[in-house]
Structures are given as structure tokens and as C-alpha cells.
Amino acid sequence: MTFARGVVRILLAVAMSTIMTACGERLVLGDGVLAPAEPRQWDAESPAIRVGDFALFPRAGYDITAKVLSKRQYRWDDLAEVAPWDFALGWGTLSDEATLKPIKVAQGDRFMFWHLYDSPLDINIANRSSANMHLIPANSVIMQRISAIPPGAIVQFKGELVDVQFPDQSVIPTSLTRTDTGPGACEILLVSAVNVLHPAAIDAEKSD
């Protein structure tokens, strides 16, 4: 193989390793289930937490490892001050690139939308194996790490599911089940720890 041909093949491989999305480049990590386990959830008895003018009421401890199907930052809506990022996450079959190839995931107005096209995937399985999560970073370091995570990565978030009380005393409750859909079905997660599991090089760079 000549040097020039080898360079062309390398460039093609690099180009094929990512897919452009509205949020930037989505990493394509190859076929196979990379996040097989469902999220873990347990009862929490923590006191209310103040974040600026908001009060957070913990409802459950939460630990999720999943593939980032999409991410979107919000700057101007009611939740933006406390939960600036929404992550669409998938586990089980939705962490398998072979399943995701014909599927498009979009986000807007704090919702996640599925476009299955010719995929044989049952929409009920898609709903049970995914979550659109409103993320509240516990501190500025967590915020930086969340912002740097690329779509397509396998990540682990740990923290607490919380209800959010606004200064006017109105409350947005978190979802506590993986089977609900529509308004109110999003988990609101106060993120106390975040790890990029694959590709691990990204997490190593942020830890330096």
C-alpha cells in the first residue's frame, strides 16, 4: 500500500467515525450493547437543597450508565438557570450502534423526539430504554464536564432525582419511573458525579 493511499484510507476512517448532528459530531463507537444495565434508583431522605432562588427536594438516589443519544443546552426557559442541559440517554439496545443507525433522536422544548424511519424497533421498547434528563450540575466543575461530553459517548451520572421549586413556589416534579411518556416524564437529576466511560480518553483529558 502506497503512503498516499494509506493516508486516504486513514482520512476516510476518521470521517466515518463521526456523524454530524445539530449538537455537533456524534461519536460512533461501533456495534454492540455498551450500556446493558438499567438505571439504578433507590429511596433518598436528603434535606432540601438551595440553588440560587430555587429549592431542590430529593426524591431518589440515581446512578445511570448510558449512551448519549443527543444533548441540548437551554439558556432562556424557566429551568435554564438551574438545569441548563438536557441529555437524551439510551441503555440496553439503545446503546447499540446497530440499533441506532436508522433512528434519529431530536430534542426541543425540553422534550425528546423519536424518528424511527424503517427501524423495526418497537417504540415502547425505545421509551422504556431511554430518558430525556434535565441535568442540574452540583458545581462548576460538573458543569464543565457535562458541557464537554460529546453525543455518542458512554457516560455515567450519579446523583439524586429532585423536584424543583421555583421562587413563586410552583414545582416541577421529577419522573420516578422509566415507563412514563409525555409531559412530566423527564427525570430531573442533580448530578454529583460524572464519568465518561467510552471513549475513556475524553475523561482522562478532563481529569488532567
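Leaving aside residues up to four places away in sequence, Arg-110 touches Tyr-74, Asp-77, Leu-79, Ala-80, Ala-83, Trp-85, Asp-86, Asn-132, His-134 and Cys-186, a contact being heavy atoms within 4.5 Å. The model is predicted, so local features need pLDDT of at least 70 and side-chain atom pairs count only at pLDDT 80 or more, while totals for chains, interfaces and linings use all residues. Residues are numbered from 1 along each chain as its sequence is written, and side-chain values use heavy atoms, with hydrogens and water left out.

Arg-110 lies in the loop between β7 (104-108) and β8 (111-115); strands are DSSP runs of E, at least two residues, numbered from the N terminus. With a relative accessible area of 9%, Arg-110 is buried (under 20% relative accessible area, 1.4 Å probe, protein chains only). Buried residues make up 45% of the 208 in the chain.

Now to the rings. Four aromatic pairs turn up, a pair being rings of Phe, Tyr or Trp (its six-membered ring) with centres within 6.5 Å, edge-to-face if the planes are over 60 degrees apart. One of them, Phe-54 with Phe-166, is edge-to-face at 5.3 Å centre to centre and 65° between the planes. This pair links distant parts of the chain, 112 residues apart: Phe-54 in strand β5 (residues 54-73) and Phe-166 in the loop between β10 (154-165) and β11 (171-172). Both Phe-54 and Phe-166 are buried.

Trp-85 and Phe-87 are also edge-to-face, because their ring centres are 6.1 Å apart and their planes at 80°. Trp-85 is buried at 10% relative accessibility, and Phe-87 is buried at 0%. Together with Phe-157, Trp-85 and Phe-87 form one aromatic cluster.

How values were computed:
Buried means under 20% relative accessible area, exposed over 50%, partly exposed in between (1.4 Å probe, protein chains only). Helices (H or I, at least four residues) and strands (E, at least two) are DSSP runs, numbered from the N terminus. Rings of Phe, Tyr and Trp (its six-membered ring) pair if their centres lie within 6.5 Å; planes under 30 degrees apart count as stacked, over 60 as edge-to-face and the rest as tilted.
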